Amino acid sequence: MKIASWNVNSLKVRLPQLTQWLADTRPDVVALQETKLEDAKFPVDELAAAGYRAVYSGQKTYNGVAILARDGVHDDFGEVVTDIPGLHDPQRRILAASVGDPASGPRQTLRVVNLYVVNGKAVGDEKYAYKLDWLAKVREFLAHELERHPNLVVLGDFNICPDDRDVYDPVAWGADILCSPPERAALKAITDLGLHDSFRLFQAEPGHYSWWDYRQAAFRRNMGLRIDLILIGDALKSAATAAAIDREPRRWERPSDHTPVTLDLDLRTT
DNA sequence: ATGGTGGTCCTACCA
């Protein structure tokens, strides 16, 4: 099955690009970030016409997350979680749900946790403190999820470059926001739970990015960052067959500043 | 060079 994550930067604006990409790629599960839509305005009918069911947790103007499941992906979404236990946060940044593998039906279930990690603005900003606190509380939640669901996928816009290979100019970027040591330590604390950056199971080279600033022709110059990640638990490591970043939608008209990232899993042998 | 572009909503805020 194919799993994907895409920060669409407004689902209202990007719905044509999303439905085009769904038709081209036919992913089984898609995590969306920055939908920027209240739940009442979520395009349920348009996505149903595209062959997808959805769960979503949105708000007006900012943030907002959703999980899409292709028709044929087994069962409902299980226990849907929209809030981090112990964190009273009006910002809609987390959504957890369960999906069945279309190839093996109810025998193989994936737990999917979709994250839109806080950006943080700048090191030392109050939003930066919020980011580190948010990540620490997410880590506790993920530890709990991993205990209950070994087939865990944690994906989304992490707003952190895991290491210097994920930065177009690591010297110039230095320890600024998205690359600072405390942010990287917070991400490592999450991966140390036993979650693997699936892209790095297949590609060790630098220069592969998932986000390019709208300014300064950054995409044309490949001045990007890899901040959109699909983490998988130990139990899923042997099921991973391919990981990719699909740069194509970034070339389309009126693109998101992020492009989709994907992971292929073969659960039939696990 | 605190610039530049884009989304949301009309004045800044966020990324």
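Which residues does Ala50 touch, not counting residues up to four places away in sequence? Ala50 touches Thr19 and Arg26, where contact means heavy atoms within 4.5 Å.

This is a predicted model, in which local features need pLDDT of at least 70 and side-chain atom pairs count only at pLDDT 80 or more, while totals for chains, interfaces and linings use all residues. Residues are numbered from 1 along each chain as its sequence is written, chains are lettered from A and ligands numbered from 1 in the order in which they are written, and side-chain values use heavy atoms, with hydrogens and water left out.

**View 1. Ala50 in the loop between α2 and β3.** The loop that holds Ala50 runs between α2 (44–49) and β3 (52–57). Helices (H or I, at least four residues) and strands (E, at least two) are DSSP runs, numbered from the N terminus. Asp71 is 21 residues from Ala50 along the chain, and the C-alpha atoms of the two are separated by 9.3 Å.

**View 2. Ser10 in the loop between β1 and α1.** Strand β1 covers residues 2–7 and helix α1 covers 11–25, with Ser10 in the loop between them. Ser10 is buried, at 13% relative accessibility. Buried means under 20% relative accessible area, exposed over 50%, and partly exposed in between (1.4 Å probe, protein chains only). Leaving aside neighbours within four places in sequence, Ser10 is in contact with Glu34, Thr35 and Lys36.

**View 3. The open sheet of five strands.** The strand order is β5-β6-β7-β11-β8, and the pairing is mixed. Two strands pair if DSSP finds at least two bridges between them. β5 (94–101) and β8 (195–197) are the edge strands, each pairing on one side only. On average, neighbouring strands of this sheet are turned by 25° against each other, direction ignored. Axes here are lines fitted to C-alpha atoms, for helices over the stretch in contact, and angles run from 0 to 180 degrees between N-to-C directions.

**View 4. Strand β6 and the strands that pair with it.** β5 and β6 run antiparallel and are joined by eight bridges. The two strands form a hairpin with three residues between them. Asp101 has Gly105 in β6 as its bridge partner. β6 and β7 pair in the parallel sense, over six bridges, and Arg111 stands opposite Leu152 in β7. Nine of the 12 residues of β6 are buried, so β6 is largely enclosed by the rest of the structure.

**View 5. The pairing of β8 with β11.** Strand β11 covers residues 228–233 and runs antiparallel to β8, with three bridges joining the two. Asp197 has Leu231 in β11 as its bridge partner.

**View 6. Helix α3 on the sheet and against helix α5.** α3 lies across β5, β6 (105–116), β7 (152–157) and β8, and runs at about 175° to β6. Two packed helices are described by the angle between their axes and the distance between the axes. The axes of α3 (residues 126–148) and α5 (residues 181–191) come within 9 Å and cross at roughly 10°. α3 and α5 are therefore roughly parallel to each other; angles under 35 degrees count as roughly parallel, over 145 as roughly antiparallel, 65 to 115 as roughly perpendicular and the rest as oblique. On the α3 side, Tyr128, Lys131, Leu132, Leu135, Val138, Arg139 and Leu142 meet Pro182, Glu183, Ala186, Ala189 and Ile190 of α5. By class, this contact has nine nonpolar, no polar and three charged residues. Ala, Val, Leu, Ile, Met, Phe, Trp, Tyr, Cys and Pro count as nonpolar, Asp, Glu, Lys and Arg as charged, and the others, Gly among them, as polar.

**View 7. Cys161 and Cys179.** A disulfide is a pair of cysteine sulfur atoms within 2.5 Å, and by this rule the count comes to zero disulfides. The cysteine sulfur closest to that of Cys161 is in Cys179, 3.7 Å away, which is too far for a bond. Cys161 is buried, with a relative accessible area of 0%, and Cys179 also counts as buried, at 3% relative accessibility.

**View 8. Thr61 and Leu178, two residues with positive phi.** Most residues other than glycine have a negative phi. Phi of Thr61 is near 75°, and phi of Leu178 is near 85°. Thr61 lies in the loop between β3 and β4 (65–70) and is partly exposed, with a relative accessible area of 42%. Leu178 lies in the loop between α4 (170–173) and α5 and counts as buried, at 6% relative accessibility.
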